[in-house]
Amino acid sequence: MSDRTDHGVDSQIDRALRAIVDHGRTVDLHARVLSAIDAGGRFRGRAGHGRWPAFLGVLGFRRLAFRVALAAVLGVAVFVLWSAVRTAPPPLGSARGGTTQPAPVSPATPAPGGSRALNRSAAATLAIDGREIVSPVRTAMTHRRRATRAAESWNGGLPPLEAPAPIELEPIGEPHMRVAHLEVERLSIAPLEMDALDGSEEE
Amino acid sequence: VTDAELVEQARLGDTAAFGELVRRHQAAAVRTARVVCRSREDAEDVAQEALVSAWHKLDGFRGDAQFRTWLLAITWRHALTRRESLWRRLRRMTSTDDQAYHEPVLPGRGIDERLADEAFVRTVQALVRALPAKLRDPLMLAASGDCTYAEMSEMLGVPSGTLKWRVMHARRRLKEQLAAQGYEAAR
């Protein structure tokens, strides 16, 4: 009796297992396989079920460790970009209406008694209303491009300015004190435009 | 025409000969993939990949084993790769596309019996899924009826004696769990 019951359960399990693996269902992969072969072996799955391109498999992208490493690298890259964007200086356009003044000369600058021509990025170290607008160390292309774009929007149809003259530093007695004479005509235009918009007289 | 002859023709670039091989063995390939894949569509994709891969690897087929065994081994590797892929794991965690059984086990029976059969199959499916892979894979491969134990041994890299024991053990566990759910008494 028990053997018969066991046999019955066994046969039911067999039937269920065969049903699970879809035993007896018709399959027709012929057309798909041959078209994939004709197409050079590229995978042609069902519509909407895209697969990784083949070269990613060659690169090891199908391996879990590689994907985790790639995700980590991408995460670090995104974090670096995000932090760079956060620490970027405000655009020049935000300084409209302010007054320009020379930036305080860094104590680390030149040896006493001599004058020194600063490069263009250093010359852009100005402060508007006490706020630094372009840092000398931020010479990345994105910042330069942003500054150039803002300056172009300020200048409108004005003729292009000449290249800024080198800055000369003059000693004024104490070895570490310098006065910087800056000629930054471009940055002083902004307040004039604001005045014109307000209807006040241009100076 | 034997498989070996078709393989020789396919090696020379005859896609029609390979097409005939596809016709002969595609069902077994899909069933083998179905052991691992949770949906029929996934299994068909895996089988297709394996068949295309077999076409490209035909030169490496030494003829020691039958073409069918060689193809099923390729299919098994592809299916395992898919099961272990991160994307598939995430999909398994989030999706509900787990294909259930849709066809009656014994067509022509009464509706009550057919529903009971379907419920039984779903129960078995859930229990099989709960088995560890080392028990589940041999059990399902043996149930598919496409491989001998020697072929399964080659595919899984496990001695055939061990595989037989695992299949027996898996069936015993299934029966115990079915009995615990009252199936033995009810049916």
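The side chains of Glu44(B) and Arg32(A) meet in a salt bridge at 3.6 Å, N to O, a salt bridge being a side-chain nitrogen of Lys or Arg within 4 Å of a carboxyl oxygen of Asp or Glu. Glu44(B) lies in helix α3 (residues 40-56) of chain B and Arg32(A) in helix α2 (residues 30-38) of chain A, so the pair joins two chains. Helices (H or I, at least four residues) and strands (E, at least two) are DSSP runs, numbered from the N terminus. This is a predicted model, in which local features need pLDDT of at least 70 and side-chain atom pairs count only at pLDDT 80 or more, while totals for chains, interfaces and linings use all residues. Residues are numbered from 1 along each chain as its sequence is written, chains are lettered from A and ligands numbered from 1 in the order in which they are written, and side-chain values use heavy atoms, leaving out hydrogens and water.

**Salt bridges between the chains**

- Glu44(B) is buried at 17% relative accessibility, where buried means under 20% relative accessible area, exposed over 50%, and partly exposed in between (1.4 Å probe, protein chains only).
- Arg32(A), with a relative accessible area of 21%, is partly exposed.
- Arg32(A) also meets Asp45(B) in a salt bridge of 2.7 Å, N to O; this pair crosses from helix α2 of chain A to helix α3 of chain B.
- Asp45(B) is buried, and its relative accessible area is 1%.
- Salt bridges that share partners join Asp10(A), Asp14(A), Arg171(B) and Lys175(B) into one network.
- Within that group, Asp14(A) and Arg171(B) form a salt bridge at 2.7 Å, N to O, running from helix α1 (residues 2-20) of chain A to helix α9 (residues 160-180) of chain B.
- Asp14(A) is partly exposed at 33% relative accessibility, whereas Arg171(B) is buried at 16%.
- Over all chains, the whole structure holds 14 salt bridges.

**Helix α4 of chain B**

- α4(B) has 18 residues and spans 26 Å from first C-alpha to last, close to the 26 Å expected at 1.5 Å a residue; the expected span is 1.5 Å times one less than the number of residues.
- Its buried residues include Trp70(B), Leu71(B), Trp76(B), Arg82(B) and Arg83(B).
- Arg82(B), placed in this helix (residues 67-84), is buried at 7% relative accessibility.
- The side chain of Arg82(B) makes a polar contact of 3.5 Å with that of Glu49(B); a polar contact is a pair of N or O atoms within 3.5 Å, and within protein one must be able to donate a hydrogen and the other to accept it, with residues adjacent in sequence counting only if both atoms are side-chain atoms.

**Surface patch on chain A**

- Val76(A), Phe79(A), Val80(A) and Trp82(A) make a nonpolar surface patch of about 430 Å².
- Patches are made of residues with over 30% relative accessible area and no salt bridge, joining like charges within 9 Å and nonpolar side chains (Val, Leu, Ile, Met, Phe, Trp, Tyr) within 5 Å.
- Val80(A), in helix α4 (residues 64-86) of chain A, is partly exposed with a relative accessible area of 47%.

**Chain totals**

- Chain A has seven helices and five strands, and chain B has 10 helices and zero strands.
- Buried residues make up 24% of the 203 residues in chain A and 48% of the 187 residues in chain B.
- Chain A exposes about 13800 Å², with 58% from carbon and sulfur atoms; accessible areas come from the Shrake-Rupley method with a 1.4 Å probe, and for residues only the protein chains shown count as cover.
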